[in-house]
Amino acid sequence: QVQLVESGGGLVQAGGSLTLSCAASGSSFSINAMGWYRQAPGKQRELVAGITRGGITNYADSVKGRFTISRDNAKNMVFLQMNSLKPEDTAVYSCASSPYGSNRGPFASWGQGTQVTVSS
């Protein structure tokens, strides 16, 4: 069982930046790849970024060049640095963990999520 707790969401103007953090706890055998998902009202959940335990990353085309995922394996934490934010980035962002090695999932555990709102 893995527990994931996100922090760092909020309201920001377009063009601004936010950094999301996620702390994972539980079985270390279940925490391999990690990622960030987002879901906007009326839209499907989208994998924004994923990272392997070794630091290999994968990004959705919509955030490439603007978002950076990173992790601290010693602290079981994953981060999402979001720059040049756009109104269309507004969503609930959730971190996820996988017992597998791929940064594209499948992911098995999700946090409750944190709201990110970008005003125009």
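**Close-up 1. The Cys22–Cys95 disulfide.** Cys22 and Cys95 form a disulfide, with their sulfur atoms 1.8 Å apart. Cys22 sits in strand β3 and Cys95 in strand β9, so the pair ties together parts 73 residues apart in sequence. The count is 1 disulfide (a pair of cysteine sulfur atoms within 2.5 Å). Strands are DSSP runs of E, at least two residues, numbered from the N terminus.

This is a predicted model: local features need pLDDT of at least 70, side-chain atom pairs count only at pLDDT 80 or more, and totals for chains, interfaces and linings use all residues. Residues are numbered from 1 along each chain as its sequence is written, and side-chain values use heavy atoms, with hydrogens and water left out.

**Close-up 2. Strand β4 and its partners.** Of the 6 residues in β4, 5 are buried. β4 runs antiparallel to β5, joined by 5 bridges (strands pair if DSSP finds at least two bridges between them). Met34 has Ile51 in β5 as its bridge partner. The β4–β5 hairpin has 6 residues between the strands, and Gly42 in the turn has a positive phi of about 80 degrees. β4 also pairs with β9, antiparallel, over 6 bridges. There, Tyr37 has Ser94 as its bridge partner.

**Close-up 3. The largest nonpolar core.** This core has 28 residues (buried Ala, Val, Leu, Ile, Met, Phe, Trp, Tyr and Cys joined through side-chain atoms within 4.5 Å). Trp36, Phe67, Ile69, Val78, Leu80, Met82 and Tyr93 touch the most other members. Strands supplying at least two residues each include β1, β4 and β11. β3 gives the largest share, 4 residues.

How values were computed
Buried means under 20% relative accessible area, exposed over 50%, partly exposed in between (1.4 Å probe, protein chains only).
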